[in-house]
Each structure stands twice: as C-alpha cells, then as structure tokens.
2 protein chains.
Amino acid sequence: MNSVPPNNNPASTTASGSAGSASAAPSPTFSPLYQQIKGLITQSLQSGEWKPGELIPSEVELANRFKVSQGTVRKAIDELAAENLVMRKQGKGTFVSTHHEARAHFRFLRLMPDEGVPHYPDSKIIEVKRMRAPADVARLLELKSGDAVVYIKRVQAFEGVPTIVEELWLPGMIFKGLTAERLMEYKGPMYGLFESEFGTRMIRATEKIRAVSVGEEDAKLLGIAAQTPLLESERVSFTYGDKAVELRRGLYSTARHHYHNELN
Amino acid sequence: MNSVPPNNNPASTTASGSAGSASAAPSPTFSPLYQQIKGLITQSLQSGEWKPGELIPSEVELANRFKVSQGTVRKAIDELAAENLVMRKQGKGTFVSTHHEARAHFRFLRLMPDEGVPHYPDSKIIEVKRMRAPADVARLLELKSGDAVVYIKRVQAFEGVPTIVEELWLPGMIFKGLTAERLMEYKGPMYGLFESEFGTRMIRATEKIRAVSVGEEDAKLLGIAAQTPLLESERVSFTYGDKAVELRRGLYSTARHHYHNELN
DNA sequence: TAGTGGTCTAGACCACCCC
DNA sequence: GGGTGGTCTAGACCACTAA
C-alpha cells in the first residue's frame, strides 16, 4: 500500500541513506525526508483526499503510513502550517485551511480602515462575461492569448462607502459555470466560492502596487472626483503547484483606508 | 555568571524536563522552556554581548550554559532565525543579523523596477536638522510632544532617475551626533549607519500606504509634474523590545517601479 | 580532522479537547 | 479516559566548512 518517499528528478551522486528506516533498498535521499513527506501530504491536499475544513490524519497515523517517525511528520506539518496550507488545533488535530472563515477574509486584502475595526465589505457586481484573454492577461495567467477567460467587475463598499473597484480574470476552463447569478447569491468571500464550487483553492499571491489617477467611469462607481489618486493593486493568485488561477486588478480609495504591511 | 531559566530549575541529575517527578513543587511553567531560552538569547543580542555580524556561541555551548538540551536551544534559535534576528550558516555557525549586507538593502524597501534587476539607489541629502517633535511624530515614536528629534529629508535615485522623496524623524536622545556630514560620507544603507554608529538595530517595521498627489516642492525634487499620483509610505521601525525608533515618510514614483508584496 | 548546524529517531510527559 | 498536538530530552549520523 504505502510507498516509501519516491522521487526526485536530478540524478545525484551521493547516495546518503538516512539511517536505517525500514525498506530493503537504501532509498536514496535527494532531499530531506521531511521535505519529501511534506510533498506527499501536499499531493493529498491537492488531490482532494482531505478537503478544505476537514481533519487530516493524526501525526502518529501519518508516521505509520509513511514509515517515518512522528518527529519527521511533525516537521513537515510545521512547514505546511507556516505556509497556511493547514491549521493545527491543540487537542483536536490538524485541519486543511479554508477560505470559509472570518479571519480568511482579510488574508489577501490588506486594506484597513484608518480608524476603528475592519468591517466586511458589501459587494456589488457590475459585470460578468466570458471573453478571450487579452495578451497581458494571458501572459500573467499562463494561458494562450485568446483562450477563454471569465471576466468580473465589481464594487466593494465598507459601511456603505464604495471603496474598491475590482476587475477579475479567471481561466475559463476551470470556472466554467460561473455566472452573475451564482456570484450574487453567494454570501461571503469570493475565494470561498472558488474553493467550494470550483475546487480551486488559492494558497498564495503576489501583488504589484502603483499610484494612479482614477478615470471617469471608475470615479462614478466610487462616487469621487475624476483624477483622484488611487492605489492600483495587480494581484496574481496561485493554487497548488504554483499554478496561476486568478488575475485581479483593484483600485483602492485611500481617503479613509490604507494598505497595511508588516516588514520583518 | 550565567543565569538559568527563570522558573523551573531541574538541577536534579540530568534535567528531568518539566516532569519533575521528585520535586513536588508544581513548577509553574508560564511559557515553554524554549521561549524562555529565546528571551535570554534576545537579551544578549540587545545588550550587545554579541554584536551584529558576529558569531554567537554554538548550540551545544548555549545548551550547556542554560542547562537545557541542544534541541531546546535549537528550537529557540529556529524562531530567532525566522524573525531575521540571526542567520544560520551550515558548517560555520549562527551569526547576528546585520544591515551591512547586500540582501539587507531591500529588506524594508519593497519598491522594485518594473523591468530588469534591482539597482542600489543613490542618495542626496536635502536637509538635516534637530527640532522639537510635532504631535503626530511624537505619538508614533512614543515620545512626548516637544521632545528633540532629528529630521532628515533626502531624495533617492535609481540609475540617475529621482524616484523617492523621503523624510525621517529619529529620537534625538538616541541619535545625538547625527549630522549631514556624517550621513553624506557614509556609503551604504542608512540602517547600517544606525546600527554601527548609534547601536540601534531595526528589526521590524509596519507600513501604511496611500495614494496622494505630489505637491509642487516634491514634484521639483523628483522632476515630475505637480499633481502626479504617488505612493505614500508611512513606516514605523522598531528595535528590540518593540521600541519605535524611526518614522519615515516616503513618496514613491511608480512610473517605472512598483511596490512588491507577497501574500501567504 | 574537528566543529558546526541539519536531519532523524525514540520515548517521555504536558496541555488541551471531547466524550 | 483516551486522543491530539506541544514540549523536552538523548543519542546517532549527515553535510558543510575550515584549518
């Protein structure tokens, strides 16, 4: 049933058996055991063996399955927890991370109110359509120019004040049945919808931020004067295997909010 | 000489951990041992027992000093390394982090060129003076309004193109002998100067980012049109013990650069 | 060759959660 | 009470660095 840690690609000369951990063959270790275990666990997450929100097997159980010590599994899970792929809960177990949580809402949204506590935004869909990917979108999503994409435009308001205008592009192949109706009837963070309905979980993103002048159309949507300076955020989100699955371009009004960042 | 961890004190044979079968005293463990060790090591860093760039004692040595196992010291140092307070180098030892390094230059500066590789900025000092802290500056630096601060204004250029206008406020008490001459003759990152000359090492910072219109004066310094939208970054930097020691307000031109961020 | 951090194991006990 | 993750220890071996 259980295979010992398999892979990897590059042929290495040094055959460093890592202590006698079962198995007749010396099981050439090209990377630390716990890294290989981490990879195996990630595969199970990706394949859907354990779904977002679910409990994964205990450390002891995984140690038995992979024929390694609990400490090695522990180190693998430590890293997965640091990357937010799983969440540990003492006394209960380790759970697959999900975007269906209060705290998940602000995981990728760094816009904070200058005063007071963060509020959940209300979302108003402006447009949803399928289209062929423009060249720049295709490049960032690693698609071929002209491939089908889903385009979404919406406005988000905090406490009734429109603050964000957002455009999204999603690979049409993955997000087949995504319609305006479906979007509007869904409550909660959009990443939660993607996760539950389309089996695509965002685990990481990169953002490029610039200052721009707002155009007339977007100024109307936000109820501000044309030419007002806004933050422009270009975000590319990735799922398992560093696969890009979302391009999101947002315009943030920073009159009463700011983009918050921690530097370490 | 060396103090042992503040609370539980094994001393019986070879450290029975927190088991304490013999000692009936409930051994009030307020935090895990490795956290306490981490605190003790941080104290030594703060006190200057080991200076930036220097080698700290080996794990075995620290384990002996603190009367704990090597594994416990290891976990403490793991966290310190994750927080960038120290750097591990296999086969060599563990070193105190320093801002005198190529990679340190971009640790707190997230402005990246849209194309090509990052270049080191050239700095031009516009003004240096001592003054009384305005109310807002005093608040952010945790000073009393009217306390002495050092004020610095400078322009930074990438490959000859002025891109950043920056104002800094530093507590006058700490940065006593900081003059324009001293700043100008110093090559390298300003945080390196602070570290070497004033014994103040920045270890963490928070940033608030907004979009603003550039005023006339700053527009001239950057050689751009007035009203151009710019990124405004308000950064508060902290040293050991979460003590705020720098307020920095920067205006970033995002014509050929962007603020880069990774979301996890 | 000696010394350092890096990996792996095994076993013990603790803190927490839920039945 | 029994299971889970969290801490701590002890000892072994590996990979890297430098003298």
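These entries record what I looked up at the interface of chain A and chain B in a predicted model.

**Conventions.** I number residues from 1 along each chain as its sequence is written, and letter chains from A in the order in which they are written. Local features need pLDDT of at least 70, side-chain atom pairs count only at pLDDT 80 or more, totals for chains and interfaces use all residues, and side-chain values use heavy atoms, without hydrogens and water.

**Symmetry.** I superposed chain B on chain A by a rotation of 180° with 0.0 Å of shift along its axis, at RMSD 0.1 Å (least squares on C-alpha atoms of residues with pLDDT of at least 70 in both copies). The two copies are thus related as by a two-fold rotation axis.

**Extent.** I found 29 residues of chain B in contact with 29 residues of chain A (heavy atoms within 4.5 Å). Because 100% of the interface residues of chain B are also interface residues in chain A, the copies meet through the same surface. The buried area is about 2600 Å², with 51% from carbon and sulfur atoms (accessible area, 1.4 Å probe, lost on being put together and summed over both parts). In chain B, Asn261(B), Leu263(B) and Asn264(B) lose the most area to chain A, together 26% of what that side buries.

**Salt bridges.** I noted four salt bridges between the chains (side-chain nitrogen of Lys or Arg within 4 Å of a carboxyl oxygen of Asp or Glu). One of them joins Asp114(A) and Arg210(B), with the closest N and O atoms 2.8 Å apart.

**Strands.** I saw β11 (residues 257-263) of chain A pair with β8(B) in the antiparallel sense over five bridges (strands are DSSP E runs of at least two residues; pairing needs at least two DSSP bridges). Lys208(B) in β8(B) is the bridge partner of His260(A).

Methods
Buried area = accessible area lost by both parts, 1.4 Å probe. Helix = DSSP H or I, 4+ residues; strand = E, 2+ residues; numbered from the N terminus.
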